[in-house]
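Please walk me through this structure.

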Amino acid sequence: MLTVEENELLCRVVGDAPMGKLMRRHWTPVCLIEEVSEPDGAPVKARVFGEDLVVFRDTEGRVGVMDEYCPHRRASLVYGRNEDCGLRCLYHGWKMDVAGNVIEMVSEPAASTMTQKVKHKAYQTKEWGGMIWAYMGPQDAIPEFVPPPWAPTAETRVTIAKALLPCNWAQVLEGAIDSAHSSSLHSSDFVPARVGGAEATAKNWLRPSTDKAPRLQVERTSYGFRYAAIRRPIFNANTHEYVRSTVFVAPATVLIPPNNLYNVANVNVPMDDHNTAFYFIAWGDPKTTPETETWRKFLCQQVGVDLDECYRPLRNHENRFWQDREAMKAGNFTGIKGFPNQDIAMWVTMGPIANRSDERLGASDLAIVEFRKRMLEALREFESGATAIGTAELTPPQTVCSFQAVIPKEVDWRAYETRYVWGDMDQPALDTNYQVTR
């Protein structure tokens, strides 16, 4: 368990919070590309690290990520006119381009030079992997954008389900790295089967083990850690083990063990201390990775069906996440459809920020303990002047990936050769041209 003070350090990201400062040293997803796909389309509101932002695509297709509030009288620019390569405030007609330059002040005299004296807060952006990214750290030292492990190449299909959740980022991430819970919480959707490894069907995921109490082993890395959840396999249990190896990429990404068709990842962006933008990702070969609506329907994360138009879940604590008790009597373990929804019910009911000082952790919580230790140690090092974990020379190699396999007991999972899942295993070359765009 953590002390109250340690829990505050781990969870808080707003303002001058140390963890927020560390996380700002990373390029951060702000929203989905699909939300601002149309030039001169409607601006979108986003919130990251406690900052209210407006995102828009201008006439020439450039994306801007700016302070939501007009520098003049602080009215919201989400309601502004997106026109002629700029976003115009409705209040007095001030207009800003994607770089934050105030290019028109129609309420000021024609001879005024005030536009040269005002600069609106705007962040550099990058479009990659289905997301709009921004660098929200020190603007005098913006690092090169490097593709994340779950979108290693331009040829990779990246399919994303998004949900805005009313709870802290750390409890969402801890759920993603917790392999032990899947044998209970997801037991009706991630089912044991007589298969050679994890497989995906149109209805559920299969895995070759009935073991609900995995043994956990951890290996630290410069960018976080990887660990193995080791279970008895259904076949060859005397000579083999079923290994599911998960990777934590600091500060807020989890590479989840894949199935036979596609890879899986989870990214958790703190909107503020009490809200998280949760992205659940399938990625890999376009021939075998599901398309967006197929993925969202499989997860029960469809906009207009499971989520409102702002990606907020319609299932919530007040309506008991649409839990079906009759289905539970008939054999469904949770009575909640869609395994992300099963997770969300657990995360949200912990409260806005989980009280970790009241927990009683066991052997199956080794990865949870390692996450907390790793991030708190990384935070202390960062505050002492060290490189932020997962950046610069600590950036994860593009080849890092999770895996699952039934392997002989004498084989060390740490040395097991890993490759991300690709349909014919003929993986495309990794991209090296990552120029930052405005």
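**A guided walk**

Thr 125 counts as buried, at 2% relative accessibility. Buried means under 20% relative accessible area, exposed over 50%, and partly exposed in between (1.4 Å probe, protein chains only). Thr 125 sits in strand 10 (residues 125-128). Strands (E, at least two residues) and helices (H or I, at least four) are DSSP runs, numbered from the N terminus. Val 63 is 62 residues from Thr 125 in sequence, yet their C-alpha atoms are 7.0 Å apart. A polar atom of the Thr 125 side chain lies 3.3 Å from the backbone oxygen of Val 63.

The model is predicted: local features need pLDDT of at least 70 and side-chain atom pairs count only at pLDDT 80 or more, while totals for chains, interfaces and linings use all residues. Residues are numbered from 1 along each chain as its sequence is written, and side-chain values use heavy atoms, leaving out hydrogens and water. pLDDT is the predictor's confidence in each residue, from 0 to 100. The protein chain averages 94, and 97% of the residues score at least 70. Over residues 430-438, pLDDT stays under 50.

Now the cores. A nonpolar core is a set of buried Ala, Val, Leu, Ile, Met, Phe, Trp, Tyr and Cys residues joined through side-chain atoms within 4.5 Å. The largest has 99 residues; Trp 150, Trp 205, Ile 281 and Phe 371 have the most contacts inside it. Helix 7 (residues 366-383) gives the most to this core, with 8 residues. Domain 1 (26-135) and domain 2 (157-415) both give residues to this core, so the core lies between them. These domain bounds come from an automatic or database domain assignment. Apart from this core lies another, of 15 residues, among them Cys 89 and Met 96.

Next, the rings. Rings of Phe, Tyr and Trp (its six-membered ring) pair if their centres lie within 6.5 Å; planes under 30 degrees apart count as stacked, over 60 as edge-to-face and the rest as tilted. The count comes to 23 aromatic pairs. Trp 27 and Phe 145 form an edge-to-face pair, 5.6 Å centre to centre with 90° between the planes. Trp 27 lies in strand 1 (residues 27-32) and Phe 145 in the loop between strand 11 (131-135) and strand 12 (157-165), so the pair ties together parts 118 residues apart in sequence. Trp 27 is buried, at 12% relative accessible area. Phe 145 is buried too, at 1%. Phe 225 and Phe 248 form a tilted pair: 5.4 Å centre to centre, 45° between the planes.

Notes. Contact = heavy atoms within 4.5 Å. Polar contact = N/O pair within 3.5 Å; in protein donor to acceptor, adjacent residues only side chain to side chain.
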